[in-house]
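Subject: Structure handover

Hello,

Please find the structure below.

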Amino acid sequence: MSSTVSAFLDDISTRDGLKAARAHIGRLGDERAYPALVALAAELEARLASRPAEGRERLHALSDHLEEVLAKGQDVDSALTLLEVARQPRDARYQGRLSAARRERELASLLATHRPAASFVELCSHRQGPEDLLELFACGVHEFVLRGADLSSVPGVLALQEELSRRGHPLAALPLQRRRWESSFGRIMGMEELDPYDTLGERLSSASREDEEDEYTAPDIRLATQDEPVPPGLAAVLVAEDGEGTHEAIEQRVLKLRPALPKAPSDTMTSLLIDLGLPLMKDAAFVVCERDTLSRVADFFFSRVASRARGWLGAAYGRLALWRTLEALGGIEVSWSSDAPEKRWNACTWYQFKGSWQDARPPVMGVVCLRPGGTSLALVAVRDTTSLW
């Protein structure tokens, strides 16, 4: 096999040669020549060290294509072969302390994109011990959950979850089924999916009705505010997973309010945002704040994960960061395995706001959570280059 592999890899310096190599890999997949693909993956890795930068990029492209061919296969053997390839060391390709974890996260996403949940559940029974590809399977669970799979009663997944809990893995805290307010996440990730009971029109209509019911709160009410400590997870969904940088410039505030605002119409919150003089919105020409729903707020945050903004290493950790942000915004830590988080967050009053300028500066997008009772609120904002409004 080695000489055959070398023969067609020697000619990838040209566009036609690279195209032919890709086609060859595709044929091997069609022919279910899985041992040949495993050997080819090893050969690609072995060649990286001796290639200049451009050549390494071409080898990387072929490695990616090989993994995609295996992920798209419809039989269990192709998936098992992908796991075998995943077990091969790839130090030359993935550098840094997060290299191994990053690769497993990417392969988990690849499997969830091209395979049904039942295929993933079957793979769980083929793990080679508790250490085997632990990150791939931990992330794979939530890649499928985010796409709509309910894995909360699957024995193999429950056993994996117990293993993750024993190890203190952060993803073990997340539920194994998607909550109602997460129902549009599959669509955000590119799936053709829409909950008929959670339409955009219904959400906006509900928010509008709630705003009308709260018009007793005067927009020009004089509020006294006092800054409170900012919890560490408030901007988790906007900060790089390694904590070393931010997705964009961000603003975080927690405020105690006097008098209390059990609820507040959009005008009141707009006035408050202007009076706060947030540094991120200095000299903004326009500030718009609208009542919103938990679902839409979650969509606002999760869209940044799905688009793989700078610093993100997978949708599973994006979901984890979103839950941490919502928990910090809501102000109370409760067990995520119960329905307590949703009860708390649904009792909050939610707003989305936007600050913009007349020049070319990018807008600032943000979320305000008015906590139950109206004695405090939390807000987080991000300077954005793509407006979602």
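**Helix α13**

Helix α13 covers residues 294-306, and at 1.5 Å a residue its 13 residues should span 18 Å, which agrees with the 18 Å between its end C-alpha atoms. The expected span is 1.5 Å times one less than the number of residues. Helices here are DSSP runs (H or I, at least four residues), numbered from the N terminus.

This is a predicted model, in which local features need pLDDT of at least 70 and side-chain atom pairs count only at pLDDT 80 or more, while totals for chains, interfaces and linings use all residues. Residues are numbered from 1 along each chain as its sequence is written, and side-chain values use heavy atoms, with hydrogens and water left out.

α13 bends by about 25° at Phe300. The bend at a residue is the angle between axes fitted to the seven residues ending there and the seven starting there. Because 11 of its 13 residues are buried, α13 is largely enclosed by the rest of the structure. Buried means under 20% relative accessible area, exposed means over 50%, and partly exposed is in between (1.4 Å probe, protein chains only). Among the buried residues of α13 are Leu294, Val297, Phe300, Phe301 and Phe302. Asp299 and Arg304 are also on that list.

**Salt bridges**

How many salt bridges does a search of the whole structure find? The count is 16. A salt bridge is a side-chain nitrogen of Lys or Arg within 4 Å of a carboxyl oxygen of Asp or Glu.

One of them pairs Arg47 with Glu43, with the closest N and O atoms 3.0 Å apart. The two residues are 4 residues apart in helix α3 (residues 34-48), so about one helical turn separates them. An α-helix has 3.6 residues a turn, so residues three or four places apart point the same way. Arg47 is buried at 10% relative accessible area, and Glu43 is buried at 17%.

Another links Arg167 to Glu131, again with the closest N and O atoms 3.0 Å apart. Arg167 belongs to helix α9 (residues 155-167) and Glu131 to the loop between α7 (117-124) and α8 (134-146), so this pair ties together parts that are 36 residues apart in sequence. Arg167 is partly exposed, with a relative accessible area of 35%, whereas Glu131 is exposed at 58%.

Asp359 and Arg361 also form a salt bridge, with 3.0 Å between the closest N and O atoms. Both count as partly exposed, Asp359 at 43% and Arg361 at 41%. Salt bridges that share partners also join Glu131, Glu163, Arg166 and Arg167 into one network.

**Cysteines**

The search of the whole structure finds 0 disulfides, a disulfide being a pair of cysteine sulfur atoms within 2.5 Å. Cys124 is buried, at 13% relative accessible area. Cys289 is buried too, at 3%.

**Cavity**

A cavity is a set of points, on a 1 Å grid over the protein atoms alone, where a 1.4 Å probe fits but cannot get out; lining residues have an atom within 4 Å of a point.

Which residues line the largest cavity? They are Ala41, Leu44, Ser63, Leu66, Glu67, Val85 and Arg90. Helices α3 and α4 (53-72) each supply at least two residues of this lining, and the largest share, 3 residues, comes from α4.

Regards

Technical notes:
1 Å grid on protein atoms, 1.4 Å probe; cavity = no way out; pocket = protein on both sides within 12 Å on 5 of 7 lines; lining within 4 Å.
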